[in-house]
Amino acid sequence: MPEVIFNGPAGRLEGRYQPSKEKSAPIAIILHPHPQFGGTMNNQIVYQLFYMFQKRGFTTLRFNFRGIGRSQGEFDHGAGELSDAASALDWVQSLHPDSKSCWVAGYSFGAWIGMQLLMRRPEIEGFMSIAPQPNIYDFSFLAPCPSSGLIINGDSDKVAPEKDVNGLVEKLKTQKGILITHRTVEGANHFFNNKVEPLMGECEDYLDRRLNGELVPEPAAKRIR
C-alpha cells in the first residue's frame, strides 16, 4: 500500500493510502489510539480495519496523528488531532471528488476523535467506535448523533469499564433516525489481547450487513392528520 505524506494543520502528516478502482467508491478513514501511550497507524487493530475496508472496495486511509512517526507537530490533547483527521479527509476527498460517502473507524482515543469528526462532516454515513472511553473523554457533543454505527468493547476492559460504555450506548439509542449497534467481545480487555479475531469478525459482520442495506433505522412514525 502506498506510503503518503500530505499537509496537515501542524505540518506534514504520514499515512498509508489505498485508492479504490471505482471512482465513486466510499472513503474510509481509520484513527489510531492515544499517541502518548504507544498508539500509531501501525497498531494491529488499525491495520486490520484498514484491510477490512480495502477488501470491500473502499478508498482507505490510515495516518499518524501529529508528532507520531514522520508526522510533524506535537500532541495537542485532541483538538489538534481532530484537525489532523479533518485534513486527512479533505486530502482524500480532493483526490476522489466523485466519492459521495465516507466511513470513520477509530480505536480508543481514535474513537473519540472519530465521533467528533462525524459531528462536523455530514458525508460520514457510518462509524465504528472500538473501545471508546466515555469514562475519560466527554461524548456529550453527540447531541444528536448524526449517523448510524457500531460501538464495540470488551467485557473485561479495565481502561474503559463496560458500565460506562453501556451508558453511552443507551444515551445514543434514545435518538430517533439512527441505529446504534452495540457488540461486546467476551473476555477482551482494552487491547483485545488474543481477541483481535473475534473483534474483527464483529466489525466485518456489521460492515457487510450495512453494505447489504440492513441495519437501517425505522422510519419516523407518520403523524395522523
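Tutor: Start with the naming: helices and strands are DSSP runs, numbered from the N terminus. Keep in mind that this is a predicted model.

Student: Which loop holds Phe-192?

Tutor: Phe-192 sits in the loop between E8 and helix H5 (196–211). Its phi is positive, about 55°, although Phe-192 is not a glycine.

Student: Is Phe-192 buried or exposed?

Tutor: Buried means under 20% relative accessible area. Phe-192 has 0%, so it counts as buried.

Student: What kind of peptide bond joins Ala-143 and Pro-144?

Tutor: The bond is cis, with omega at about -10°. Pro-144 belongs to the loop between strand E6 (124–130) and E7.

Student: How do I read the length of helix H4?

Tutor: Compare its reach with the expected span. H4 covers residues 162–173, twelve residues, and reaches 16 Å from its first C-alpha to its last. That is close to the 16 Å expected at 1.5 Å a residue.

Student: Which residues of H4 are buried, and where do they lie around the axis?

Tutor: Val-165, Leu-168, Val-169 and Leu-172 are buried. Seen down the axis of H4, the buried residues fall within an arc of 100°, so they line one face of the helix.

Student: What covers the buried residues of H4?

Tutor: The cover includes helix H3 (109–120), strand E7 (148–154) and strand E8 (180–185).

Notes:
Residues numbered from 1 in each chain as written. Predicted model: local features only at pLDDT ≥ 70, side-chain atom pairs only at ≥ 80, totals over all residues. Heavy atoms only, no water. Helix = DSSP H or I, 4+ residues; strand = E, 2+ residues; numbered from the N terminus. Expected span 1.5 Å × (residues − 1). Buried < 20%, exposed > 50% of the residue type's maximum accessible area, 1.4 Å probe, protein only. Arc of directions from axis to C-beta. Contact = heavy atoms within 4.5 Å.
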